[in-house]
Amino acid sequence: AASPLCKQTNLQLNLIQTRKKVFVLDTLMYALCFLFIVGFTDCTDRTRFLFSTDDSHFGFNSDGVKRAVDLHDGQLHFFVHSWDSKGNKMTVPVMVLHHGHHHVSRDAEQHHGGHRHQNHHNTEVDSANTKETAEHPDVDVYYFPKSSNGLRRMKRDWVIPPINVPENSNGPFPLKMVTIRSSEDKIKKIIYRITGPGANEDPVGLFTMDKDTGDLFVHQRLDREKQAHYTLFTHTDVVGASKAEDPMEIIINVIDMNDNKPIFEQTSYVAEVAESSPKGTTVIQVKATDADEPGNDNSIIRYTILSQEPKLPSDSMFAIDTDNGAIMVKGVGLDREKYPEYSLDIQAADMKGEGLNGKTKVVLKVTDSNDNPPVFTASTYQGSVDENAVGVLVVKMSVTDEDEPNTPTWNAKFKIVGGDPDDFFSIETGSSKQEGIIKTAQGLDFEKSRTHTLEVIVENGVPFTIPLTTSTATVVVTVKDVNEPPIFKEKEMTVQKPEDLPVESVVIKSEAEDRDFERENNVKYKIIDDPENWLTVDEDSGLVKVKSLMDRESPNVTDNKYTVLLGAYDNDLVPATGTGTLIIILEDVNDNAPAIVERETQICKHQRTPALLSIVDKDEAAHSAPYSVAVHEKYSANWTAKMNEKTGIELFLKSEIPEGKYKVVLRVADRGNLDQESSINVEVCTCLENGLCPLTGTGLPAYIWGILGALLLLLVVLAVLFFSRRRRAKEQWEQHLQSIEWRRQSDTELSD
């Protein structure tokens, strides 16, 4: 309870706006024997501030002004200084009045309107910033700027400072905000009204003004997130006359309150983190937004990790950047095989982490890294293979790997690193990716080496992420002996012989040996392929002889080479045969007489032009041209022949003989005087202009008659088909007419 000696005092605080921060100064009234408490807020959750003043009559602590003072002349003015959370200095004027004291001194006006401070809004003494507190000591009163005879435009400096109204106010509504007064209301009846969005424009009725008093009211809660500013115009009208003053602009700023909690962009997040990730590796970044005013504590978000599951191997395996929400690896020991997944509860709180908050869940899947080596299931493997076998399975080698199956970190890759300098073996990964398959790449020789010892290592498809020991296994391969065929000492044997080599002459002695020394088999010989059947081979000795005369001109001789396939086999229970190739280069001998190619020709009776004939000789050039030609003595009376420069024969008619066909026999010899006779049919005629004999009246050549006969037969067949189809069409038409007639008769009978 207040002491009877105490006097009730009213403390009025002016509001000054800076560029970066607005201090809202609470107006408080206390009956505390001249002890005054002034409350300050910077629209955050801060409750303690640093203050100072230029008046020694007042003292300050972190709660505000708290010191007794004697008021002279009913009022006192001084300045209060404070600093916001960013170190910016704020200065506001304070005027202390006795309750009921109505006078606004010039000094106060000068402090409020004329005194300039850093970052303060400057006004004139008689501007709209002049306040009256007599009728409503807790509500600002703004006066219209005075005009020169009501005609002068309002100066730019005469602007009312913005009215700051906190959002989400609980009322009661309508809530009085300020009073707008005209300096003429003491001598004239003034009507007040407002226009603009929120008054007579959408949202209509949010703000109203008492037409008689000029009191400005708000009728419901304001929401900064919907609209942060309202611009209204106040109008004054004199009853029965024109307007009293020019319209005055009022800006209402909705002061942000912390009424929106941060909201994450996703209700949950899923990311992957490799188990080998080092400390500091960023895994994922979460982001939350706050609808409150940007740039102040209401929307400044800080991120924290609330919980981690599982809490193994430690409860702080991950950290989060409090400013940007980046989640990073903090601990060591990520192991997919033990802890394949982590669940983090993340909080985003405004007021720099102390205000409203939103939550989300982050699931981190630990992905496999190659931190486990594949290991052979046995240290030694045994396998066996027949000698000479190529591409056959020797052994399969199994491994195990604790990494995630069917991934590159789990898939095995094998390599032979020792014991195979000649690359007799190959190794590949089986379809299961956990098995190595060794096969023979070349035939093995039991007689050279009966065992092979291989060293094999296994790795993964990707390198190890940490130092690991590579698993090694030994493979012992046993070579099994098989009956191998004898092998010719020369796989390809070549000899050169004349084509007229006599029968029973030796061509070559073939030799083969059996390398299966332990079996002590005998080698025998045979001919596998002899296209002309010219040769024979001795079964025991391998001696190849001529069985029938060879001929270089045979179609089975190519480029003078005749090829025979020989076989050598042993006398094992299951004989094995080896092969060798014999190539005989046949030397040409003069065993083919030249012959005339043409068998018919023509000679013009009166032109004496010779007939040209060509010669063919199967022997090589050494046994062919130059040739000689002679007419058989039986025909020499009418015919003569000679060789021309082109190794051709010119046949001449040397006597007058009737037109007709004649037989002429010519004898042609090569340079070795090997000759033979050729019979030629010669037609003697009176030639046409083209140099050919005319066709005889007896007919055309046989092929012409064949063509004509085929055409005639085709015409006969077409004619038969045409008449047959015509007769069939006629029969069908007659049947159609009969059907129509029958239908007519039936219709007539039914109608009767």
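How much accessible surface does the chain have, and what share of it belongs to carbon and sulfur atoms?

1. The accessible surface of the chain amounts to about 42300 Å², and carbon and sulfur atoms account for 51% of it, the areas being calculated by the Shrake-Rupley method with a 1.4 Å probe. Of the 752 residues, 40% count as buried, a term that stands for under 20% relative accessible area.

2. This is a predicted model, in which local features need pLDDT of at least 70 and side-chain atom pairs count only at pLDDT 80 or more, while totals for chains, interfaces and linings use all residues. Residues are numbered from 1 along each chain as its sequence is written, and side-chain values use heavy atoms, with hydrogens and water left out.

3. The chain has three helices and 52 strands, taken as DSSP runs of at least four residues (H or I) for helices and at least two (E) for strands. Among contacts (heavy atoms within 4.5 Å) between residues at least 6 apart in sequence, 63% join residues at least 24 apart.

4. Strands β37, β41 and β40 form an open antiparallel sheet in the order β37-β41-β40, where pairing requires at least two DSSP bridges between two strands. Because β37 (506-509) and β40 (535-537) each have a single partner strand, one side of each is left without a neighbour in the sheet. β40 and β41 (residues 543-546) are joined over three bridges, and V537 has V544 in β41 as its bridge partner.

5. N296 sits in the loop between β21 (288-289) and β22 (302-309) and is buried, with a relative accessible area of 13%. A polar atom of the N296 side chain lies 2.8 Å from the backbone nitrogen of N298.

Definitions and conventions. Buried < 20%, exposed > 50% of the residue type's maximum accessible area, 1.4 Å probe, protein only. Polar contact = N/O pair within 3.5 Å; in protein donor to acceptor, adjacent residues only side chain to side chain.
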